[in-house]
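Visitor: I've got a few minutes and a new model to look over. Can you put it up and take my questions as they come?

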Amino acid sequence: MNRRKVMSMLPLPFLLPKGSFAMSCFAMTPDWAFVADTVMGGVSQGQIGPDEGTEHAGMRLTGRVSLDNNGGFIQMASNMGVDGGDFDASAYRGVAFFARGNGETYAAGLRTSELSRPWQSYRAEFVTTPD
(Lines give C-alpha, C1' and ligand atoms only; values in the text may rest on other atoms or scores of the structure.)
Protein backbone atom coordinates (compact mmCIF):
# COMPACT_ATOMS: atom_id res chain seq x y z
CA MET A 1 0.00 0.00 0.00
CA ASN A 2 1.37 3.40 -1.01
CA ARG A 3 -0.04 6.75 0.09
CA ARG A 4 1.09 10.12 -1.17
CA LYS A 5 1.89 12.61 1.56
CA VAL A 6 2.20 16.36 1.06
CA MET A 7 2.61 18.85 3.85
CA SER A 8 4.04 22.36 4.04
CA MET A 9 5.02 24.32 7.11
CA LEU A 10 4.39 28.04 6.67
CA PRO A 11 6.01 30.16 7.91
CA LEU A 12 8.96 28.43 9.54
CA PRO A 13 8.38 27.48 13.21
CA PHE A 14 8.86 30.03 15.94
CA LEU A 15 9.22 29.90 19.72
CA LEU A 16 6.67 31.60 21.96
CA PRO A 17 8.20 33.61 24.81
CA LYS A 18 6.83 33.13 28.33
CA GLY A 19 4.41 35.76 29.60
CA SER A 20 2.17 37.68 27.24
CA PHE A 21 1.93 36.56 23.65
CA ALA A 22 3.76 39.13 21.60
CA MET A 23 5.01 39.25 18.08
CA SER A 24 8.57 39.29 19.43
CA CYS A 25 8.75 35.56 18.88
CA PHE A 26 12.06 33.92 18.07
CA ALA A 27 11.84 32.77 14.44
CA MET A 28 13.53 29.46 13.74
CA THR A 29 15.39 28.96 10.48
CA PRO A 30 16.86 25.52 11.07
CA ASP A 31 18.53 23.19 8.63
CA TRP A 32 16.04 20.44 7.83
CA ALA A 33 16.83 16.81 6.95
CA PHE A 34 14.62 14.21 5.27
CA VAL A 35 14.21 10.91 7.14
CA ALA A 36 12.27 7.86 5.98
CA ASP A 37 11.60 4.32 7.10
CA THR A 38 14.54 3.19 4.96
CA VAL A 39 16.65 3.56 8.13
CA MET A 40 14.92 0.35 9.29
CA GLY A 41 14.35 -1.48 6.01
CA GLY A 42 11.24 0.30 4.70
CA VAL A 43 10.81 1.52 1.13
CA SER A 44 8.99 4.86 1.57
CA GLN A 45 10.36 7.71 -0.53
CA GLY A 46 10.18 11.48 -0.37
CA GLN A 47 11.94 14.78 -0.21
CA ILE A 48 11.92 18.16 1.47
CA GLY A 49 12.57 21.56 -0.01
CA PRO A 50 11.53 25.19 0.11
CA ASP A 51 7.84 25.84 -0.47
CA GLU A 52 8.01 28.55 -3.11
CA GLY A 53 4.33 28.57 -4.00
CA THR A 54 3.30 31.05 -1.32
CA GLU A 55 4.14 34.48 0.03
CA HIS A 56 5.62 32.97 3.23
CA ALA A 57 8.93 31.19 3.72
CA GLY A 58 8.44 27.53 4.51
CA MET A 59 9.46 23.94 3.93
CA ARG A 60 7.59 21.30 1.95
CA LEU A 61 7.59 17.55 2.68
CA THR A 62 6.40 15.32 -0.16
CA GLY A 63 6.62 11.60 -0.79
CA ARG A 64 5.03 8.19 -0.92
CA VAL A 65 4.61 6.22 2.27
CA SER A 66 4.74 2.44 1.88
CA LEU A 67 3.83 -0.20 4.44
CA ASP A 68 6.04 -2.74 2.62
CA ASN A 69 8.89 -4.26 4.67
CA ASN A 70 7.23 -3.06 7.90
CA GLY A 71 7.75 0.56 6.90
CA GLY A 72 5.39 3.46 6.98
CA PHE A 73 6.82 6.91 7.58
CA ILE A 74 8.51 9.95 6.10
CA GLN A 75 9.47 13.00 8.08
CA MET A 76 11.53 16.14 8.19
CA ALA A 77 13.70 16.78 11.21
CA SER A 78 15.92 19.50 12.59
CA ASN A 79 18.06 20.15 15.64
CA MET A 80 17.27 23.46 17.33
CA GLY A 81 20.63 23.64 19.09
CA VAL A 82 23.62 25.37 17.56
CA ASP A 83 26.01 22.84 15.99
CA GLY A 84 23.82 19.95 17.22
CA GLY A 85 24.12 20.93 20.88
CA ASP A 86 21.38 21.39 23.44
CA PHE A 87 18.98 24.32 23.14
CA ASP A 88 17.88 26.04 26.37
CA ALA A 89 14.14 26.58 25.87
CA SER A 90 13.42 27.64 29.47
CA ALA A 91 12.56 31.20 28.37
CA TYR A 92 9.81 29.94 26.03
CA ARG A 93 6.36 28.50 26.58
CA GLY A 94 5.93 26.61 23.33
CA VAL A 95 6.56 26.16 19.64
CA ALA A 96 4.09 27.33 17.01
CA PHE A 97 3.86 26.65 13.30
CA PHE A 98 1.34 26.83 10.51
CA ALA A 99 0.83 23.83 8.26
CA ARG A 100 -1.15 23.19 5.11
CA GLY A 101 -1.53 19.96 3.22
CA ASN A 102 -3.89 17.32 1.92
CA GLY A 103 -6.32 17.09 4.85
CA GLU A 104 -4.56 14.13 6.48
CA THR A 105 -3.37 13.82 10.06
CA TYR A 106 0.30 14.51 10.79
CA ALA A 107 2.31 14.68 14.00
CA ALA A 108 4.85 17.14 15.36
CA GLY A 109 7.39 15.81 17.82
CA LEU A 110 9.92 17.40 20.13
CA ARG A 111 12.80 15.59 21.78
CA THR A 112 14.73 16.62 24.86
CA SER A 113 18.11 15.53 26.14
CA GLU A 114 16.29 13.52 28.84
CA LEU A 115 14.81 11.13 26.26
CA SER A 116 17.07 8.15 25.70
CA ARG A 117 15.45 6.20 22.85
CA PRO A 118 15.42 7.48 19.22
CA TRP A 119 11.66 6.85 18.89
CA GLN A 120 10.75 8.80 22.03
CA SER A 121 9.36 12.33 21.70
CA TYR A 122 6.65 14.62 22.95
CA ARG A 123 4.06 14.45 20.18
CA ALA A 124 0.96 16.31 19.07
CA GLU A 125 -1.20 15.41 16.07
CA PHE A 126 -2.72 17.96 13.73
CA VAL A 127 -4.84 17.87 10.58
CA THR A 128 -3.78 19.93 7.58
CA THR A 129 -5.98 22.01 5.30
CA PRO A 130 -5.21 23.18 1.74
CA ASP A 131 -4.78 26.85 2.72
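Visitor: Surface first. How much accessible surface does the protein have, and what share belongs to carbon and sulfur atoms?
Guide: This is a predicted model. Its accessible surface comes to about 8700 Å². Carbon and sulfur atoms account for 52% of that.

Visitor: And what percentage of the residues is buried?
Guide: Buried residues make up 30% of the 131 in the protein.

Visitor: Which residues form a nonpolar patch on the surface?
Guide: Val95, Leu110 and Tyr122 do. Together they have about 290 Å² of accessible area.

Visitor: Take Val95. Where is it?
Guide: Val95 sits in strand 8, which covers residues 92–96. Its relative accessibility is 35%, so Val95 counts as partly exposed.

Visitor: Back up a bit. How many helices and strands are there?
Guide: Zero helices and eleven strands. Along the sequence, the pattern is β-β-β-β-β-β-β-β-β-β-β.

Visitor: What about contacts between residues at least 6 apart in sequence: what share joins residues at least 24 apart?
Guide: The share is 61%.

Visitor: Now aromatics. How many aromatic pairs?
Guide: The count is two. In one of them, the ring centres of Phe97 and Phe126 are 5.2 Å apart and the planes stand at 75 degrees, so the pair is edge-to-face.

Visitor: Phe97 and Phe126: buried, partly exposed or exposed?
Guide: Phe97 is partly exposed, at 27% relative accessibility. Phe126 has a relative accessible area of 18%. The cut-off for buried is under 20%, so Phe126 counts as buried.

Visitor: What kind of pair do Tyr106 and Phe126 form?
Guide: A stacked one. The distance is 6.2 Å centre to centre, with 25 degrees between the planes. This pair also links distant parts of the chain: Tyr106 is in strand 10 (residues 105–110), Phe126 is in strand 11, and 20 residues separate them. Both Tyr106 and Phe126 are buried.

Visitor: Which residues make up the aromatic cluster, then?
Guide: Phe97, Tyr106 and Phe126 form one cluster.

Visitor: Switching to Asp37. Where does it lie, and is it buried or exposed?
Guide: Asp37 lies in the loop between strand 4 (33–36) and strand 5. Asp37 is buried, because its relative accessibility is 0%.

Visitor: What does its side chain reach?
Guide: The side chain of Asp37 reaches the backbone nitrogen of Gly72, at 2.6 Å.

Visitor: Which residues does Asp37 touch, leaving out those up to four places away in sequence?
Guide: Gly42, Val43, Ser44, Ser66, Gly71, Gly72 and Phe73.

Visitor: And Asp51: where is that one, and is it buried or exposed?
Guide: Asp51 is in the loop between strand 5 (45–50) and strand 6 (59–66). Asp51 is buried, with 6% relative accessible area.

Visitor: How far is Asp51 from Leu61?
Guide: Their C-alpha atoms are 8.9 Å apart. Along the chain, Asp51 and Leu61 are ten residues apart.

Visitor: Let's do backbone angles. What is phi at Asn69?
Guide: Phi at Asn69 is positive, about 55 degrees, although Asn69 is not a glycine. Most residues other than glycine have a negative phi. Asn70 has a positive phi too, about 60 degrees.

Visitor: Where are Asn69 and Asn70?
Guide: Asn69 is in the loop between strand 6 and strand 7 (74–77). Asn70 is in the loop between strand 6 and strand 7 as well.

Visitor: Asn69 and Asn70: buried or exposed?
Guide: Asn69 is exposed, at 51% relative accessibility. Asn70 is exposed, with 70% relative accessible area.

Visitor: Last one. What is Gly46 in contact with, leaving aside neighbours within four places in sequence?
Guide: Phe34, Thr62 and Gly63. Gly46 lies in strand 5. Gly46 is partly exposed, with a relative accessible area of 33%.

Visitor: How far is Gly46 from Val35?
Guide: The distance is 8.5 Å, C-alpha to C-alpha. In sequence, Gly46 and Val35 are eleven residues apart.

Note on methods:
Residues numbered from 1 in each chain as written. Predicted model: local features only at pLDDT ≥ 70, side-chain atom pairs only at ≥ 80, totals over all residues. Heavy atoms only, no water. Helix = DSSP H or I, 4+ residues; strand = E, 2+ residues; numbered from the N terminus. Buried < 20%, exposed > 50% of the residue type's maximum accessible area, 1.4 Å probe, protein only. Contact = heavy atoms within 4.5 Å. Areas by Shrake-Rupley, 256 points an atom, 1.4 Å probe, with all protein chains shown as cover. Patch = residues over 30% accessible without salt bridge, like charges linked within 9 Å, V, L, I, M, F, W, Y side chains within 5 Å. Salt bridge = Lys/Arg side-chain N within 4 Å of Asp/Glu carboxyl O. Phe/Tyr/Trp six-rings, centres within 6.5 Å; stacked < 30°, edge-to-face > 60°. Polar contact = N/O pair within 3.5 Å; in protein donor to acceptor, adjacent residues only side chain to side chain.
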